[in-house]
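This report goes through a single protein chain. The sequence and coordinates come next.

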Amino acid sequence: QVQLVESGGGLAHIGGSLTLSCAASGNSFSVLVMGWFRQAPGKQRELVATISSDGSINTADSVKGRFTTSGDSVKNTVSLQMNSLKPEDTAVYYCYANVRISGYNYNYWGQGTQVTVSS
């Protein structure tokens, strides 16, 4: 089992910034991909950004140029720096990890953290 613990989030003004962090913990696992998804009310969960173990980054077009994801493969952590926030960024943000345990891949999700952007 792998646990994902998120921190950060909260309330920001339009144009403001927030940082989300996530740490993965457990026994005998290796992280293949970590990143962030979000889900706004009445909408499907969508990709925000992910970073793979080889360092490659996948970022949604809607946040490119505003959000930056980074990871630490030793500490098994991932962060999301969110700048120039817009009201449409309001959502519950979920940390995600795809990990390998004993030769099998598993997906894990954090509990979610609310991000609200308002004037």
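## Basis of the values

The model is predicted; local features need pLDDT of at least 70, side-chain atom pairs count only at pLDDT 80 or more, and totals for chains, interfaces and linings use all residues. Residues are numbered from 1 along each chain as its sequence is written, and side-chain values use heavy atoms, with hydrogens and water left out.

Strands (E, at least two residues) and helices (H or I, at least four) are DSSP runs, numbered from the N terminus. Burial is given by relative accessible area: buried is under 20%, exposed is over 50%, and partly exposed is in between (1.4 Å probe, protein chains only).

## Salt bridges

A salt bridge is a side-chain nitrogen of Lys or Arg within 4 Å of a carboxyl oxygen of Asp or Glu. By this rule the count is four. One of them joins Arg38 and Asp89, with N to O at 3.0 Å. This pair links distant parts of the chain, 51 residues apart: Arg38 is in strand 4, and Asp89 is in the loop between strand 8 (77–82) and strand 9 (91–101). Arg38 and Asp89 are buried.

Asp89 also forms a salt bridge with Arg66, where the closest N and O atoms are 2.7 Å apart. Here too distant parts of the chain are linked, since Arg66 is in the loop between strand 6 and strand 7, 23 residues from Asp89. Arg66 is buried, as is Asp89. Through shared partners, salt bridges join Arg38, Glu46, Arg66 and Asp89 into one network. Another salt bridge pairs the side chains of Lys64 and Asp61, at 3.2 Å from N to O. Asp61 has a relative accessible area of 66% and is therefore exposed.

## A buried glutamate without a salt bridge

Glu6 lies in strand 1 (residues 2–8). Glu6 is buried yet has no salt bridge; Arg45, the nearest side chain of opposite charge, is 8.0 Å away. For charge, Lys and Arg count as positive and Asp and Glu as negative, while His and the chain ends are not counted.

Which backbone nitrogen lies 2.6 Å from a polar atom of the Glu6 side chain? The nitrogen belongs to Cys95. The Glu6 side chain also reaches the backbone nitrogen of Gly112, at 2.7 Å. The rule for polar contacts takes a pair of N or O atoms within 3.5 Å; within protein, one must be able to donate a hydrogen and the other to accept it, and residues adjacent in sequence count only if both atoms are side-chain atoms.

## The largest pocket

The largest pocket has a volume of about 170 Å³. A pocket is an open set of points on a 1 Å grid over the protein atoms alone, where a 1.4 Å probe fits, with protein on both sides within 12 Å along at least five of seven lines; lining residues have an atom within 4 Å of a point. Grid points are joined across faces, edges and corners, and the volume is the space filled by probe spheres set on the points.

The lining has 13 residues, and Val31, Ser52, Ser53, Asp72 and Ser73 lie nearest the centre of the pocket. Strand 4 (30–39), strand 5 (46–52) and strand 7 (67–72) are the elements that give two or more residues to this lining. Strand 4 has the largest share, four residues. By class, the lining has five nonpolar, seven polar and one charged residues. Here Ala, Val, Leu, Ile, Met, Phe, Trp, Tyr, Cys and Pro count as nonpolar, Asp, Glu, Lys and Arg as charged, and the others, Gly among them, as polar.

## Loop residues

Most residues other than glycine have a negative phi. Ser28, however, has a positive phi near 50°. Ser28 is in the loop between strand 3 (18–26) and strand 4 and is exposed, at 68% relative accessible area. Ser84 also has a positive phi, of about 50°. Ser84 is in the loop between strand 8 and strand 9 and is partly exposed, at 40% relative accessibility.

Is each of them buried or exposed? Asn76 counts as buried because its relative accessibility is 17%, whereas Lys75, at 60%, counts as exposed. The C-alpha atoms of Lys75 and Arg45, 30 residues apart along the chain, are separated by 26 Å.
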